[in-house]
Amino acid sequence: MKQITNTIKSNIFNLKMLSLVALAGFMFSCEDNVLPEANSIEDLTPPSAMFSATESNGDWQTYDFSNQSVSSTTYAWTFGDGNTSTAKEPSNTYAAEGIYTVTLTSSDANGLTSTFSSDVEVVEPLVPVILLPEILEASFEDGMLDGGSGDGRDSWRNSDLGGVIQITSSPTNSGSQAAKFPSAGDRIAYQELEVSPNQDYVLEYWYTMKTSGTGHMTVSVLAGDSFTDTSAAVAATIATFEGTDQTSSNDYVKVELPFNSGNNTKVSIYMFNAGVESRVDDVSLRLP
Amino acid sequence: MKQINLLLIAVFALSFASCEDTFLAPELETGINAENYYTTDSEIQAGILNIYDGIQGVNALKITNNNLNHGVQVEFYLTEMRSDNTETKSNEGEAAQFESFTIESTNGIVADYYRSYYNVIFRANLVLDKLDAASPEKKAAFAAEAKFLRAYAYFNLVRLFGDVPLVAGLISPLDTETAFTRVSSSLVYDFIVSDLQDAVANLSDGGANDQASKAAAEGILAKVYLTLGRYSEAQTLLESIMSPSRGFSLENDFKDVFYNEGNNEVLFAIGYVPSSNDDSQNFSAEWLNAVGRTSGVNYVSMDAKAFLDTHGGNRTALSYREDAAQAGKYQVVKYLPNGDAALGIPVTSSDPTSAGNDWVVLRYSDVLLMHVEAIMAGGASTTSSNAIASFQAVRNRAGLTDAVTSISKQELADERRAELAFENHRFFDLVRLGLAQDVLSAFSAANGLGYSTTDLLLPIPQVEIGLSNGLLSQNPGY
């Protein structure tokens, strides 16, 4: 009996609900749907526009745009140069260098929008300049430095590594002076050069040795600069040529010493001899 | 009087005790725990091995519980299969999200990797926290080894996920702010560089190549520097490794890189032991046809096959083979557990599902090609003789002995793809060399895939975002 009562009550309740729903239906139909529909929830994820730009591989004028917008379905781009796009991830090619303001407006299907702007700086990349340093007092002549100064060997001194070279007037390869390394082997020539890293160069020079005795006239290129002791200098050798041509004490022999500057912005030329009086003239540096 | 004294002592003792919370957190005296374990060098050493164990991951075919960490064993999904190199055999399932660039934030493999590498970081932080127990002579080397492995983990995380939480020490479970706050990748890189510089300074060479070494730290740091555009610093490190006195060289036979473990070419590998439930791997089995849990993953894409056919030299035959059970599908030949008689590859693991093939992280040809990259220094090409010498050495081994006179960025990328195919380099190389957008968008368009630029970062696993209570933000596009 109790169960029956409950069922009846429940049916009455349902009936009331039904009429309520019916009423509600009538009421809404009179209005223009300005109120949210029943059970609708607020849009908690409105669109949020965001992008990044990267220079296209191998083309400095073209930028690829990475779309990082959230909750968006349609996109409108203005690239700052008059061009526009509605693609999701467009590219744009700029005609000239400059700073362009790129704007992305992203929208969702509810018609909400979000705008994000960022500047793109279009710069033509610099062509890397290969340094080809001038070798100072390269032919060991007087008056080759600024203002006509210099004794032909001022640029070749490093007293930590050895005494300064002597100057000879005969024989020379050209001009009236050349460098002379006495047989004692206690004099050296040293000069630092500013170079491009990892660049191939060729160091050229001319040398001659006396015909008696045994020994060598060695020219090395060292990685780095500021050498103050011989063992560090030898350890830093990138390229070296040990000259032993004693055919004639008058005729100079040309040497081409190729080297790669490696991971250095400076290299040093280091010349030393042993045993035999030797001469060096006309040092030059060129690209291969 | 004596009784009063005793009483006083008791009162003192009580008052001391009341200052500590041993009542609520009593010290465990009978068992070993993380608090009391680390007291000697050998126990610290065990803690270090535990870090390697984290990277090694669990063999999912031998220890099958859910939610274990599989470490580097699932890395190929996130890298090779997310590039133009490989795909699943059947192009379906969660694993196929990678090849089609439709990865969901709920992808379980992504979550596995993320979880694994933060666990590796935790294990490293644990050792670093307990270093006071180490002897003074060994302390610096222990710290260096832990930092090397921590940096290796962060380097992978930051490249895969972008900004990530930076956990620099042990944190309590309540420190959700550290665990879930994403730190800008430039700060993460600063942390990686600092760890690796420490490792370079305090590690030495001469151990097994599945252990951290000075050369391994120099090589990984060089790659970090290349990623950051610090080319000159990278070059210095690489030339240090290349110095003949260090003893590294290319194997004469390409096959020996993978099947003659402990060779002079591999600078760092993750070690595995065949037929061991705890220390074997299953990625080798997964790459075969229905030998592992999958029907076959990391199968060679047609794009990669065509590329290797033209660029591989004698590496081609040792990089992929046709699946004997399914014509027209191609398997990776590096890391085969059960050999290949036709190719002269020995059986290395009697049971392919518990394979012992080590995972190679860094090898000498990578060092040589990084050397080229450092000299190219972000430019479009190089003719530097030092770069050409390194490049030519790699090509000569592959039987490509035509003299190289200049190297373009594209040629460098191609050589890396041919030499290091299926070793989880391709994706990172494309991003680092600035080629990812061009290559992956073209690959995606040609194969009807879903690539967009936001796919260059993986999603932060949804489970982490859920746990973070709003702290952890998702990457764009997910």
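This is a predicted model: local features need pLDDT of at least 70, side-chain atom pairs count only at pLDDT 80 or more; totals for chains, interfaces and linings use all residues.

Student: What makes up the secondary structure of chain A?

Tutor: Chain A has two helices and 17 strands. Of its 288 residues, 38% count as buried. Chain A exposes about 15900 Å², and carbon and sulfur atoms supply 54% of that area. Among contacts in chain A between residues at least 6 apart in sequence, 68% join residues at least 24 apart.

Student: Why is A:Phe140 called buried?

Tutor: Buried means under 20% relative accessible area. A:Phe140 has a relative accessibility of 0%, and therefore it counts as buried. This residue lies in the loop between β7 (113–122) and β8 (163–164) of chain A. A:Phe140 also has a positive phi of about 60°, although it is not a glycine.

Student: Why is A:Met50 called partly exposed?

Tutor: Partly exposed covers the range between the limits for buried, under 20%, and exposed, over 50%. At 33% relative accessibility, A:Met50 therefore counts as partly exposed. A:Met50 lies in the loop between α1 (2–30) and β1 (51–56) of chain A. Leaving aside neighbours within four places in sequence, A:Met50 is in contact with residues including A:Ser66, A:Gln68, A:Leu104 and A:Phe116. A:Leu104 is 54 residues from A:Met50 along the chain, and their C-alpha atoms are separated by 7.3 Å.

Student: Why does B:Ala377 count as partly exposed?

Tutor: The value for B:Ala377 is 39%, so this residue is partly exposed, given the limits of 20% and 50%. B:Ala377 lies in the loop between α15 (364–376) and β9 (381–382) of chain B. From B:Asn66 it is 311 residues away in sequence and 45 Å away in space, C-alpha to C-alpha.

Student: What is found at the bond between A:Ser170 and A:Pro171?

Tutor: A cis peptide bond joins A:Ser170 and A:Pro171, with omega about -5°. A:Pro171 is found in the loop between β9 (166–168) and β10 (178–181) of chain A.

Student: How do you know that the length of helix α19 of chain B agrees with its number of residues?

Tutor: At 1.5 Å a residue, the 12 residues of α19(B), 436–447, should span 16 Å. The end C-alpha atoms are 16 Å apart, so the two values agree.

Student: Why can the buried residues of α19(B) be said to line one face of the helix?

Tutor: The buried residues are B:Ala436, B:Val439, B:Leu440, B:Phe443 and B:Ser444. Seen down the axis of α19(B), its buried residues fall within an arc of 120°, and so they line one face. An α-helix has 3.6 residues a turn, so residues three or four places apart point the same way. On the other side of α19(B), B:Ala445 and B:Ala446 are exposed. The buried residues of α19(B) pack against α14 (302–311) and α18 (426–432) of chain B.

Student: Why is α14(B) called roughly perpendicular to α17(B)?

Tutor: α14(B) and α17(B), residues 409–419, pack at an angle of about 105°, with their axes 10 Å apart. Angles of 65 to 115 degrees count as roughly perpendicular, and therefore α14(B) is roughly perpendicular to α17(B). Among the residues making the contact are B:Phe307 and B:His311 of α14(B) and B:Asp414 and B:Arg417 of α17(B).

Student: What makes α3(B) roughly antiparallel to α6(B)?

Tutor: Helix α3(B), residues 41–56, and helix α6(B), residues 108–129, pack at about 170°, with their axes 8 Å apart. Angles over 145 degrees count as roughly antiparallel, so α3(B) is roughly antiparallel to α6(B). Residues including B:Ile44, B:Ile48 and B:Ile51 in α3(B) meet residues including B:Tyr117, B:Val120 and B:Ala124 in α6(B).

Note on methods: Residues are numbered from 1 along each chain as its sequence is written. Chains are lettered from A and ligands numbered from 1 in the order in which they are written. Side-chain values use heavy atoms; hydrogens and water are left out. Helices (H or I, at least four residues) and strands (E, at least two) are DSSP runs, numbered from the N terminus. The expected span of a helix is 1.5 Å times one less than its number of residues. Buried means under 20% relative accessible area, exposed over 50%, partly exposed in between (1.4 Å probe, protein chains only). The arc is that of the directions from the helix axis to the C-beta atoms. Contact means heavy atoms within 4.5 Å. Accessible areas come from the Shrake-Rupley method with a 1.4 Å probe; for residues, only the protein chains shown count as cover. Axes are lines fitted to C-alpha atoms, for helices over the stretch in contact, and angles run from 0 to 180 degrees between N-to-C directions. Angles under 35 degrees count as roughly parallel, over 145 as roughly antiparallel, 65 to 115 as roughly perpendicular and the rest as oblique.
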